[in-house]
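Could you take a look at this one with me? I've jotted down some notes on its charged pairs.

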Amino acid sequence: PIAHEYMHGGLGALEFEVSDDAAYQKLCYLRSLNIDLRCKGKAYPGPKVQSFIILRPNGTGDYANIETVNGATTHWEAVDEVNPDEHTTYVRAGSSTAAADVYALANPSIPTGTTINKVVVYFRTTCTGTAVANNARPLLRLSTDETLGSNVSDPASDIYTNHYEELARPGGGTWAAADIDSLQVGVSLTGGGGASYSYATQLYIIVYLDGIGTTTGEDINCI
């Protein structure tokens, strides 16, 4: 993305000129870390510039089967932070049989009729001991339907890695605004048995909404 300096609240900041969907997604990730960004839409062929909403766990979901939670009273509070706190709060799995949690999300009250383009799950995981193949995967739950994401394999480095994946609507079909109000996000972890563990420290989703501007010079507030 092309960056321009501008003033915000008396402080210097950057304004980004977005010309493709991949670049916009990178900016969305930076914004999810509470980095102050303002995006400037620019006309280009292909996908429109999109607005987005970040939703983090804010309550207990339908189940919490990951065996260990550390540094928090509940499982969802171990993964809800804006800035990842690594081994301060986390959920951990040691069993070689996969176990999963799902968590409630804040209700964004998206207006009826709004086009939902996609939902992307962001999760931050690691493992310790002996490396465990396919140690983590994201999931979305809507009513009793679930969409499982792809497995990731973190190195046994005790260093957390960011992952993200777009997941389809649980149960199939097209996303509707009402779906987001009752959507739950989750993560499945698999340990290696013995002293090999898999951890998740942060989890959230980004909901991408209908395009909101592609004319050169039009300012777009990301969130």
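This is a predicted model: local features need pLDDT of at least 70, side-chain atom pairs count only at pLDDT 80 or more; totals for chains, interfaces and linings use all residues.

1. The structure holds four salt bridges, and I'll go through several of them below.

2. Start with Asp-62 and Arg-141, which form a salt bridge whose closest N and O atoms sit 2.7 Å apart. Asp-62 belongs to strand E5 (residues 57–64) and Arg-141 to strand E10 (residues 136–142), so this pair ties together parts that are 79 residues apart in sequence.

3. Next up is Glu-86, in a salt bridge with Arg-124; here the closest N and O atoms are 2.6 Å apart. Glu-86 sits in the loop between strand E6 (68–70) and strand E7 (90–93), and Arg-124 is in strand E9 (residues 116–128), so the pair links distant parts of the chain, 38 residues apart. Glu-86 is partly exposed, with a relative accessible area of 26%, whereas Arg-124 is buried, with 12%.

4. Then there's Arg-169 with Asp-179, a salt bridge with its closest N and O atoms 2.8 Å apart. Arg-169 lies in the loop between strand E12 (161–167) and helix H2 (177–182), and Asp-179 is in helix H2 itself, 10 residues apart from its partner.

5. One last thing to look at: salt bridges that share partners join Asp-62, Arg-141 and Glu-146 into one network.

Note on methods: Residues are numbered from 1 along each chain as its sequence is written. Side-chain values use heavy atoms; hydrogens and water are left out. A salt bridge is a side-chain nitrogen of Lys or Arg within 4 Å of a carboxyl oxygen of Asp or Glu. Helices (H or I, at least four residues) and strands (E, at least two) are DSSP runs, numbered from the N terminus. Buried means under 20% relative accessible area, exposed over 50%, partly exposed in between (1.4 Å probe, protein chains only).
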